[in-house]
Amino acid sequence: MTTSSVIERAAGLKRTLAASPQELLIDGKRVAAVSGETFETLNPATGEVLARVAKGAAADVDLAVAAARRAFEQHAWRQMSANDRTNLLLRLADLIERNADELATLECLDNGKPARLTRLVEVEGSIKTFRYFAGWPTKFGGETLPVSPRGGAQILNYTTREPIGVAGLIVPWNYPLSMAAWKVAPALAAGCAVILKPAEQTPLTALRLGELALEAGFPPGIFNVVTGFGEAGAALVAHAGVDKIAFTGSTEVGKAIVRACAGNLKKVSLELGGKSPHIVFPDADLDAAAAAVANGIFFNQGQTCTAGSRLYAHASCFDRIVNAVTDFARKLKVGDGLQPDSDLGPLVSQEQWDRVNSYVRIGRDEGAKLLAGGQRPAGLDRGYFFEPTVFAGATGRMRITREEIFGPVLTALEWADIEDLISQANDSEYGLSAGVWTNDIKQAHRAAAALKAGTVWINCYNLVDPATPFGGFKQSGWGREHGRQAMELYSETKSVWVNLS
Ligand code: NAD
């Protein structure tokens, strides 16, 4: 995309969005909320209203669940061949590809992140996810098992995998299209019907994805989108007609969902917060490590659940790494995501800006040393921009070391003893991911084994792929997305016993 084409496309999208409210997608039709209410979604680069969006609530969730249930039970969907489901998913991936520029620009406007990154991460990532899961329907089956019944009866035992049913998919604002794809693709591949509830800050690409699914040929009601606030998510969680909830978001809301599901025991998977350690050994390639540490925290304005927000650099290279990361932070260009030279866009909202700003104050009050950033960048007077920020002189007890900030704020800590390092790195309620930089292969594998995290990156950071499981230890979540594990999240196993005697 050239700069002028991005800006022209953005102007066209803004005009279209301003013309009429964005309605819910239920049973294959765009409809207003039952209440008739709407809410505003803002452009984080300017704070201006981008669109009015239907404010879905319990009554809309009722309609969406009824539509999903009807569609799920329909013969045409239940009996659709695995190969036909594969083809539908491939067609949807092709349509995302065909509309890539529009989706990338829409996400940039709604979320703030640079358009070249929405193209690369959100759009290309989603295409890859749909193509990967398109391969599963023809490969995801049961087994024949060698049971040993008493009395020597001749028994055939086999298992089947069945779609779990109607799945409620609740996603956050930090990677709106990707997070939707991570859930929608395996759920549809497994044969479920879905209700997607995007975050209130970023509802637009989810609605477009739902439209593209209809165009691809998914039957009406198989893919519904209910936009709205937490109350719409809570209504999905509470609904007796929903068989499964897949949630990505804050640990706090994750816990509320678990409490709400205690009454009906619907299946729940959770991808929650993180406070990931990024560890540098003295023998590492220090230049590469410093660049990765900076990218690991500042990418996506730090609004990444796997952000490497705690740097542990060995005492012998601490100053060199921290100086290099600080330099990197100062050189990053913060600006409107529509401009091609912007490395970082704005934070998603004023609320998020206030949260990040309050942690800078907390870090200073706790006695940590602010080396870079910590405020609104000069010359960016509107929108929710925040400078990449580095703190040193922190301790393990400080809140900036323990709590997820979800912004471009790095807390740098020094280590000297390996045992102590591992215990500090693991001293967190979270366990989503960790990074390790070393050229000593034994050291690398020992660290990978000792770290309590769902993903460990050695001499790399923040790589994800639909083929490999993603999820957290401890309070970072329940279950794993991606790979075969994701197919298991959206299906039930049935064991069938046949007496052949
Ligand atoms: P959030 O928990 O506030 O909201 C996430 C979604 O849940 C939104 O759609 C929201 O409307 C909905 N929601 C809010 N209250 C609800 C309720 N009571 N019941 C059901 N749904 C409800 O999170 P956020 O602020 O949008 O996202 C940031 C958080 O997400 C961070 O903590 C981050 O670490 C986490 N996150 C985790 C991963 C991961 O894969 N582990 C990925 C991205 C983000």
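Tutor: A 1 Å grid is laid over the protein atoms alone; a cavity is a set of points where a 1.4 Å probe fits but cannot get out. A pocket is an open set of points with protein on both sides within 12 Å along at least five of seven lines. A lining residue has an atom within 4 Å of a point. Grid points are joined across faces, edges and corners, and a volume is the space filled by probe spheres set on the points. Rolling a probe the size of a water molecule over the atoms shows where empty space is left.

This is a predicted model: local features need pLDDT of at least 70, side-chain atom pairs count only at pLDDT 80 or more, and totals for chains, interfaces and linings use all residues. Residues are numbered from 1 along each chain as its sequence is written, and side-chain values use heavy atoms, with hydrogens and water left out.

Now the cavities. By this rule there are two of 30 Å³ or more. The largest cavity has a volume of about 80 Å³. It is lined by 16 residues, and Pro-277, Tyr-430, Gly-431, Ser-433 and Lys-452 are the closest to its centre. Helix H15 (418-426), strand S17 (430-431) and strand S18 (433-437) each give two or more residues to this lining. Helices (H or I, at least four residues) and strands (E, at least two) are DSSP runs, numbered from the N terminus. By class, the lining has seven nonpolar, six polar and three charged residues. Here Ala, Val, Leu, Ile, Met, Phe, Trp, Tyr, Cys and Pro count as nonpolar, Asp, Glu, Lys and Arg as charged, and the others, Gly among them, as polar.

The second largest cavity holds about 60 Å³. Of its 13 lining residues, Gly-302, Ala-307, Ser-309, Glu-404 and Phe-406 are the closest to its centre. Six are nonpolar, five polar and two charged.

The largest pocket contains about 1100 Å³ of space. Its lining has 42 residues, with Trp-173, Gly-249, Ser-250, Glu-252 and Val-253 closest to the centre. Helix H9 (230-238), strand S10 (244-248), helix H10 (251-261) and helix H13 (350-366) are the elements that give two or more residues. H10 provides the largest share, six residues. The lining splits into 19 nonpolar, 12 polar and 11 charged residues.

The second largest pocket contains about 580 Å³. Among its 24 lining residues, Val-121, Tyr-175, Phe-299, Asn-462 and Val-464 lie nearest the centre. Helix H6 (115-134), helix H7 (176-190) and helix H11 (286-298) each give two or more residues. H6 gives the largest share, five. The classes are 13 nonpolar, nine polar and two charged.

Last, back to S10 and H10. Together with S11 they make a right-handed β-α-β unit. Right-handed means that, with the strands pointing away from the viewer, the path from the first strand over the helix to the second runs clockwise. S10 and S11 run parallel, joined by five bridges; two strands pair if DSSP finds at least two bridges between them. Thr-248 has Glu-271 in S11 as its bridge partner. Glu-271 also stands opposite Gly-477 in S21. S11 and S21 (residues 477-478) pair in the antiparallel sense over two bridges. Four of the five residues of S11 (residues 267-271) are buried, so this strand is largely enclosed by the rest of the structure. Buried means under 20% relative accessible area, exposed over 50%, partly exposed in between (1.4 Å probe, protein chains only).
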